[in-house]
Protein chains: 2
Amino acid sequence: MKSPTTISKATIDRLPLYFRTLRLAQDEGLDIISSDELGRRLGITPEQIRKDLASFGQFGKKGVGYFVNELKRNVGGILGLDNHWNIAIIGIGHLGAALANFHNFVTLGFNLVALFDEDPDVIGTTVNHVKVEDIANLEQIVKERQIHIGIIAVPAAFAQGVADKLVSAGVKGIWNFAPIKMEVPAGMHIVNEDLSVGLSSLSYHITRQ
Amino acid sequence: MKSPTTISKATIDRLPLYFRTLRLAQDEGLDIISSDELGRRLGITPEQIRKDLASFGQFGKKGVGYFVNELKRNVGGILGLDNHWNIAIIGIGHLGAALANFHNFVTLGFNLVALFDEDPDVIGTTVNHVKVEDIANLEQIVKERQIHIGIIAVPAAFAQGVADKLVSAGVKGIWNFAPIKMEVPAGMHIVNEDLSVGLSSLSYHITRQ
C-alpha cells in the first residue's frame, strides 16, 4: 500500500463511495466486480476507478475484475474503519434518533457508546438500546468512555457550544449536522454534513433533463 | 453562461458545496469573498475554485473577490433552484420527520407539498404544517400536486416498491436514503444518500492524525 500522502483529496473523497458500493455488492452476493460495473453504479468512469484503486495497491485481476470482499476490506482499512471508533450523538431530536437507529454505522464498525440531550423528557429514554444522558455530563462521559467522534445534531444556536465541549473533552473528530460555520482549533477534524447538497445536486440534473 | 455540457461532473458535484458556503457567508453578512477564503472554508485550492467558477462566467473582480449575493444567485440558477421544485417525503419515521423539519429546504426554494406513511397512527398527524397522508394514495397525489421529487425515507425492504410508484406517477427525480441498489428506468435521476459516507471520511482523516 502506498503512503496515503500521495493520494489526492478527490480520490480520498471517493473512497467512502467505493466502500458503500462494495458493501452493497457484497450484500448482493457478488464475488467479483469489474471496473465497468463499479463505474456504472458510481457514475464514475472505469478509467478513474482503475486509477484511484491502483494508487492503493493491486486489488484486481486484469480481465476479471476486483474481488469484492478483498477490495472492501482493503478500502475499509484505508478508511480506518478497523479502528472501531467510539461515537456519541448529541441532540436526540428526530435527526439524532434517526442517526442512533442507523444500522450502517454498526456495519461499518463504529460503536455507538453515548447519546446526549438536554430535555428532561428525553434524558433517561433509550434509543437503539443506548440510554440518553444529560448533556451536562458530556465532557466527563466523553473522557470516561474514550469517545473519538462526536456527532452534533442539536439546533444551530447550540452547535458551537457543543463543539467547544467536545474539543475540550478530547474527541478526535466532529461530524456536524448544524448549518453553521463551526470554529474549531487547527488540527481538529470536522466534517460538515449538509443534507441539502444531495437535493441540490438532484435539482441540477432534473433541470437539464 | 457557458453550456452546462462543457462542465465536468467533478465541478457539478462541487456546486452545491459552493452554494452552501455562499449561503453561510451571506448569513454572516459578507458582501465579498475571496477565492482564498472560499478555498479555506471548502478545503479546495483557490486555483480549483477560480477554474470551476470561471466555467460558468465572470462572477468575480480580480484582486477583490466574488460578490457573495450575485455568485450565490448564479450558482443557485445553475443548480435549478429557481424552479422551486415540489417535493414529497415518503416514510415519516425519525429520518422522514427530520427531513420534513429541515429548514434549509425552504431556504433553497423547495416546496414540501406532501408527506406519506403507511402507519395508521402516523397518517393524519402533521409535521412542519404538512399533513401525513396514506401511502396508498401516493400515485394519485403525486400526479395531482405535480410533485417533481420524491424523497424515500422508508426501510430498505419497501424502498424499491415506493420508487416504482414514484416513477409510474411521473416524478422527475428521486432522492433515496434507503441503503439498497435501486432499479429505476434509464433517464430517471436518482441521488442515493448514504450518511455513512461522511462518517467514513472523518474516520479516514482521524486515522491519519
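**View 1. The annotated CoA-binding domain of chain A.** In an unreviewed UniProt entry, the annotation "domain: CoA-binding" covers residues 80–181 of chain A; positions follow the numbering used here, feature names are shortened, and such annotations may be inferred rather than shown by experiment. This is a predicted model, in which local features need pLDDT of at least 70 and side-chain atom pairs count only at pLDDT 80 or more, while totals for chains, interfaces and linings use all residues. Residues are numbered from 1 along each chain as its sequence is written, chains are lettered from A and ligands numbered from 1 in the order in which they are written, and side-chain values use heavy atoms, leaving out hydrogens and water. Residues 80–181 of chain A are 32% helix and 26% strand, with end C-alpha atoms 26 Å apart (helices, H or I of at least four residues, and strands, E of at least two, are DSSP runs numbered from the N terminus).

**View 2. A salt bridge within chain A.** Here R145(A) and E133(A) join their side chains in a salt bridge, 2.9 Å from N to O (a side-chain nitrogen of Lys or Arg within 4 Å of a carboxyl oxygen of Asp or Glu). The pair links distant parts of the chain, 12 residues apart: R145(A) sits in the loop between α7 (138–144) and β8 (149–152), and E133(A) in strand β7 (residues 130–134). Over all chains, the count comes to 18 salt bridges.

**View 3. The annotated DNA-binding region of chain A.** The unreviewed UniProt entry places a "DNA-binding region" at residues 17–56 of chain A. This span is 70% helix and 5% strand, and its end C-alpha atoms lie 15 Å apart.

**View 4. Where chain B meets chain A.** Each chain brings 63 residues to the contact (heavy atoms within 4.5 Å). About 5,700 Å² is buried between the chains, 66% of it from carbon and sulfur atoms (accessible area, 1.4 Å probe, lost on putting two parts together, summed over both). L195(B), L199(B) and Y204(B) supply 12% of the area that chain B buries against chain A, more than any other three residues.

View 5. R23(A) forms a salt bridge with D194(B), their closest N and O atoms being 3.3 Å apart.

View 6. The same surface serves both copies, as 100% of the contact residues of chain B recur in chain A.
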